[in-house]
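I want to go through the fold, then the surface, then the side-chain contacts.

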Amino acid sequence: MALCSFNRVFGCILMITMTTKVVTLRLDGILEKKLAKLAQSTHRSKSFLAAEAIRDYVAINEWQIEEIGKALMEADRGDFASDRDVQRTMNKWTRNAR
């Protein structure tokens, strides 16, 4: 049973390794030291942490670009808030800020 479990884990690791690509990047010394310290304290590799950070960065920027695209399509259709709607929103935020 232990051998079977080991083989499954090994298979998963092999599958993940086969689907990843190597990317080289340059970091300034201070950032690299911080990354190394974080890797050590979290028991993760610097590679894992860098990939996680890049994955989050890409996801956020993909979302932002998609939303900008939607807003541009709305603008192209002339789908804008009326002056009255804008004024109501401004009054609401101004009132709540006081």
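How many helices and strands are there in the protein chain? I count four helices and zero strands. Keep in mind that I am looking at a predicted model. Reading along the sequence, I get the pattern α-α-α-α.

**Entry: surface**

I looked up burial next. The protein chain has 98 residues, and 3% of them count as buried. The chain exposes about 9500 Å². Carbon and sulfur atoms supply 62% of that area.

**Entry: helix H2**

I checked H2, which covers residues 29-42, for its span. Its 14 residues reach 20 Å from the first C-alpha to the last, close to the 20 Å expected at 1.5 Å a residue. What caps the N-terminal end of H2? Aspartate 28 does: one of its side-chain oxygens lies 3.1 Å from the backbone nitrogen of isoleucine 30.

Where is histidine 43 found? I find it in the loop between H2 and helix H3, the latter being 46-76. Is histidine 43 buried or exposed? With a relative accessible area of 73%, histidine 43 is exposed, the cut-off for that being over 50%.

**Entry: rings**

I searched for aromatic pairs and got zero in the structure. There is a charge over a ring, though: arginine 44 lies over the face of phenylalanine 48, at 4.2 Å from the ring centre.

**Entry: salt bridges**

How many salt bridges does the structure hold? My list has five. I wrote up some of them.

One of them joins lysine 46 and glutamate 32, with the closest N and O atoms 2.7 Å apart. Lysine 46 sits in helix H3 and glutamate 32 in helix H2, so this pair ties together parts that are 14 residues apart in sequence. I looked up the accessibility of both partners. Lysine 46 is partly exposed at 38% relative accessible area, and glutamate 32 also counts as partly exposed, at 28%.

Another bridge is between lysine 70 and glutamate 67, where the closest N and O atoms are 3.2 Å apart. These two residues are three apart in helix H3, which means that about one helical turn separates lysine 70 from glutamate 67. Lysine 70 counts as partly exposed at 36% relative accessibility, and glutamate 67 is partly exposed at 31%. What network do I find here? Salt bridges link Glu66, Glu67 and Lys70.

I then moved on to helix H4, residues 83-97, which holds both arginine 88 and aspartate 85. Their side chains meet in a salt bridge at 3.7 Å, N to O. Arginine 88 and aspartate 85 are three residues apart, about one turn of the helix. I have arginine 88 as partly exposed, with a relative accessible area of 47%. Aspartate 85 comes out at 34% relative accessibility and counts as partly exposed.

**Entry: recap**

For my own reference, the pair to revisit is lysine 46 with glutamate 32, H3 to H2.

Definitions and conventions. Residues are numbered from 1 along each chain as its sequence is written. This is a predicted model: local features need pLDDT of at least 70, side-chain atom pairs count only at pLDDT 80 or more; totals for chains, interfaces and linings use all residues. Side-chain values use heavy atoms; hydrogens and water are left out. Buried means under 20% relative accessible area, exposed over 50%, partly exposed in between (1.4 Å probe, protein chains only). Accessible areas come from the Shrake-Rupley method with a 1.4 Å probe; for residues, only the protein chains shown count as cover. The expected span of a helix is 1.5 Å times one less than its number of residues. A polar contact is a pair of N or O atoms within 3.5 Å; within protein, one must be able to donate a hydrogen and the other to accept it, and residues adjacent in sequence count only if both atoms are side-chain atoms. Rings of Phe, Tyr and Trp (its six-membered ring) pair if their centres lie within 6.5 Å; planes under 30 degrees apart count as stacked, over 60 as edge-to-face and the rest as tilted. A charge sits over a ring if NZ of Lys or CZ of Arg is within 6 Å of the ring centre and within 35 degrees of the ring normal. A salt bridge is a side-chain nitrogen of Lys or Arg within 4 Å of a carboxyl oxygen of Asp or Glu.
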